[in-house]
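Me: I would like to go through a structure with you, starting with the overall fold and moving on to the packing. Could you put it up first?

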Amino acid sequence: MEDLLKCNFCGRKKNEITFLISGINGHICNFCIEKTYSIINKKFLEKKTKKENNSIKIEIKKPKEIKFYLDKYVVGQNEAKKIISVAVYNHYKRILNSQYNENQKKENENIEIEKSNILLIGNTGTGKTLLAKSISKLLKVPFAIADATTLTEAGYVGEDVESILTKLLQSVNYDINSAEKGIIFLDEIDKISRKSNNPSITRDVSGEGVQQALLKILEGAIINVPPQGGRKHPDQKMIQINTENILFIAGGTFDGIEKIISDRIEKISIGFFTQKKKYKKNNYLKNIISSDLKNFGLIPELIGRFPINTYLNPLDKNMLKKILLEPKNALIKQYQKLFDMDNISMNITDEALDIIADKTFKIGLGARGLRTFCEKIFIDYIYDIENIQKNLNIDKDIVMKKLNYY
């Protein structure tokens, strides 16, 4: 009876094969098992290769190319753009170099190039977020913005620091390979500064605790990330992501740091009996050093994770006016395009632009304030779009009336 047994897949008899595995209603031989494994393995490799090919391929740009592109979107800030361009170039050159001929022996193979995380310091609306967005757009890499003010130490109300990686994963539909070469902009980094240099009874859960938790992520490590962000819990399935090649760009206003810098400069001047130098308020940031950031409330370990730091100059009236007109996606160009979609030609006078820039400068919101006032000027025209003539001319008097500028 046993000699009659055969493979239900290929029909071979038991005496023609090495072994036969029996199931509930059938049998399979070793030849069919090997063939099945070969088919499944081939399909798996094809799927893996296809996924890897669909992942992002970084096209590295030279620093001058990066700055030239940034000039199209960000007005002024030439020194900051130069520093960022070099840092980004070095970062992605480091990634590509590590992927190229990994198995090839080289004399300098033991030299490890450190990450070039960037810290941007500047007033609201000076272009910190726009710089980061523009770089990701140029390099075609994943980009996510995370707000540092929502983060708290593990176990407290708020979000775990790992949730900043969730945003990056979600931006590429959980393609881990792509996310691991992306950029994260960590906004309002100054808001997690140590609340006080003096010991406190209450725990600093949104300050130094968050800074300590960020260290591992910023430096580069394999992190367990909650797929939906928020808080981690024991039963939740985690996604592992390596942060070694993720570029972190942090930005903050650091309100009050000018006073820290000025006090240090004056102290040095007095100590050496030198004549006190006269510094304009907007020049203090040019002299920022690591000790100023430490005195502001950042821990030394976190400062060390951002080897590249630069400042953005406050925007004056002339720069605000240029922002309205010159960038590739300038606000006035956007409104002109919106009206053009309804076959309306919109023009605005130079004097009208001066008023918008002056009003924005006075409220101190930087480029963000421009959008607020432009909305006030154009909202009624857009609302009543069907009754607007083919030519819409915005002059000084119209803007003064709309913005109550007298």
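Reply: The discussion below goes from the overall content to the sheet, the cores and the aromatic rings.

Me: What should I know about the source and the numbering?
Reply: This is a predicted model, in which local features need pLDDT of at least 70, side-chain atom pairs count only at pLDDT 80 or more, and totals for chains, interfaces and linings use all residues. Residues are numbered from 1 along each chain as its sequence is written, and side-chain values use heavy atoms, with hydrogens and water left out.

Me: How many helices and strands does the protein have?
Reply: There are 15 helices and eleven strands; these are DSSP runs numbered from the N terminus, with helices (H or I) of at least four residues and strands (E) of at least two.

Me: Which strands form the open sheet, and in what order?
Reply: Five strands make up the sheet, in the order E4-E5-E8-E3-E9, with parallel pairing. Two strands pair if DSSP finds at least two bridges between them. Strand E4 (143–147) and strand E9 (308–311) are the edges, each pairing on one side only.

Me: How many bridges join E5 to E8?
Reply: Five bridges join strand E5 (residues 183–187) to strand E8 (residues 247–252). Ile184 has Phe248 as its bridge partner in E8.

Me: On to packing. Which residues touch the most other members of the largest nonpolar core?
Reply: They are Ile164, Leu165, Leu214, Phe248, Phe254 and Leu293, in a core of 45 residues. A nonpolar core is a set of buried Ala, Val, Leu, Ile, Met, Phe, Trp, Tyr and Cys residues joined through side-chain atoms within 4.5 Å. Buried means under 20% relative accessible area, exposed over 50% and partly exposed in between (1.4 Å probe, protein chains only). Helix H7 (residues 208–219) supplies the largest share of this core, five residues.

Me: What does Leu165 touch?
Reply: Not counting residues up to four places away in sequence, Leu165 touches Ile184, Ile217, Ile223, Val225, Ile241, Thr243, Ile246 and Phe248, where contact means heavy atoms within 4.5 Å.

Me: Now the rings. How many aromatic pairs are there?
Reply: The structure holds four. Rings of Phe, Tyr and Trp (its six-membered ring) pair if their centres lie within 6.5 Å; planes under 30 degrees apart count as stacked, over 60 as edge-to-face and the rest as tilted.

Me: Why is the pair of Phe254 and Phe296 tilted?
Reply: The ring planes of Phe254 and Phe296 are at 55°, with centres 5.0 Å apart, so the pair is tilted. Both Phe254 and Phe296 are buried.
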